[in-house]
Amino acid sequence: MPSFVFSPAGWLQPLRLLVAHGWLREAGVDAWLGALRADWRLNRTFARVHSLRWVAADMLALRLKANRNWPGARPGQAVLVYGERDGVRLARCYSLTVVRGRVLELAIKRQPGGRFADKLIDTLLPGDVLELGAPSGELEWPRDADSGVLLLAAGSGITALYGLLREALAKGCKQPVWLLHSVRRREQRAFVPELQALMARHPNLRVQWLITGEPAGEGELHGRLGAEHLRDLPAHSLLACGPHGFVQGALSLWSAEPRAGTAQWEAFSPPPAQVAGAGQAVRLEFARSGLRAEGDDQRSLLEQAEARGLKPKHGCRQGICTECTCQLLEGRVRDLRSGRETSEPGQPIRICVSAPLSDVRIDL
Ligand code: FES
């Protein structure tokens, strides 16, 4: 028997044209579409929660189906998840562990005092709808992986690396791969059955857990990540993901030995906050706002703009989502994560992780 499925896909394009020509307002069209079905929108990506499962004692994985505005992504990239708490719109960045067309999975970890993550974990139900931002993130499986790949994750840093690992193995990766996941308590080890199943299917994969806050179990390592944990490893390309301090430690351990491969990393916590007034004084000019102010060369431009009453668009505050990107018009800035300097006028910079090194003018 023929079936009829009502879908807006056919008539969204004419609506987009009407919006583009100013005949309709996008917000109005979205309100109308959203009233018809919670995940329908003209251009924005909304996703329906299909299922939820605990993948660690404090980490909940969401299986989602995005609407047709989803632009596509690869595992290991991250998306902003938008939500509201006490009337304030908030967003947090989560890595995609599964991407199959419009079917996505991401995992949310409880955070001490994490109002956003805890609310999602405590209230989300299958059928609920979430708004997602555009995918971002540059981590990718190393092209020069011949000598093997070393994956170092701490806490929820496992999510980005697990997504990349699954995809690489599914595509036939045969090089030695060693994944070390550092957690404080054993119950925080995530995706354990899935990783054990991957090890059983792929003899080139070795997974180990490093327990930092309590005695380790059999076959596990104990203590903070140190040179002794990486001894005897063949030369490897490195992918590291975790809090800023863990990533910095992983990079210095990895680069202490000559290695054949490359290092990629992503830190999901910003570098330690600096005190206002510390460091060298610089002049800041926010061109579009017409604001000039004294600043310093220690704190991010985002922090310094906010301290002066501006409200720049932002998402993750970790240099991942690109929401805060502005053009550097004049001056020199430093990436707080890598120390890399940029001084080319017109260059896009992520102001949440860029600090001025000289007087600067930015398009904000
Ligand atoms: S706020 Fe996400 S990159 Fe700056």
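Into which domains is the chain divided? In this predicted model, the division gives four entries, with the bounds set out below.

| Domain | Residues |
|---|---|
| domain 1 | 13-43 |
| domain 2 | 44-137 |
| domain 3 | 145-266 |
| domain 4 | 281-362 |

**The chain as a whole**

The secondary structure of the chain comprises 8 helices and 20 strands. Taken along the principal axes, the C-alpha atoms fill a box of roughly 70 × 65 × 40 Å. The radius of gyration of the chain is 22 Å, which agrees with the value near 21 Å that a compact globule of 364 residues would have.

**Domain 3 against domain 4**

The C-alpha centres of domain 3 and domain 4 are 33 Å apart, and the contact between these two domains involves 4 residues of domain 3 and 4 residues of domain 4. The size of an interface is often given as the accessible area lost when the parts come together. For domain 3 and domain 4 the buried area is about 270 Å², and carbon and sulfur atoms give 72% of that area. On the side of domain 3, His244, Trp265 and Glu266 together supply 92% of the area that this domain buries against domain 4, which is more than any other three residues supply.

Conventions: Residues are numbered from 1 along each chain as its sequence is written. This is a predicted model: local features need pLDDT of at least 70, side-chain atom pairs count only at pLDDT 80 or more; totals for chains, interfaces and linings use all residues. Side-chain values use heavy atoms; hydrogens and water are left out. Domain bounds come from an automatic or database domain assignment. Contact means heavy atoms within 4.5 Å. Buried area is the accessible area (1.4 Å probe) that two parts lose on being put together, summed over both. Helices (H or I, at least four residues) and strands (E, at least two) are DSSP runs, numbered from the N terminus. The radius of gyration is taken over C-alpha atoms; the globule rule is 2.2 Å times the number of residues to the power 0.38.
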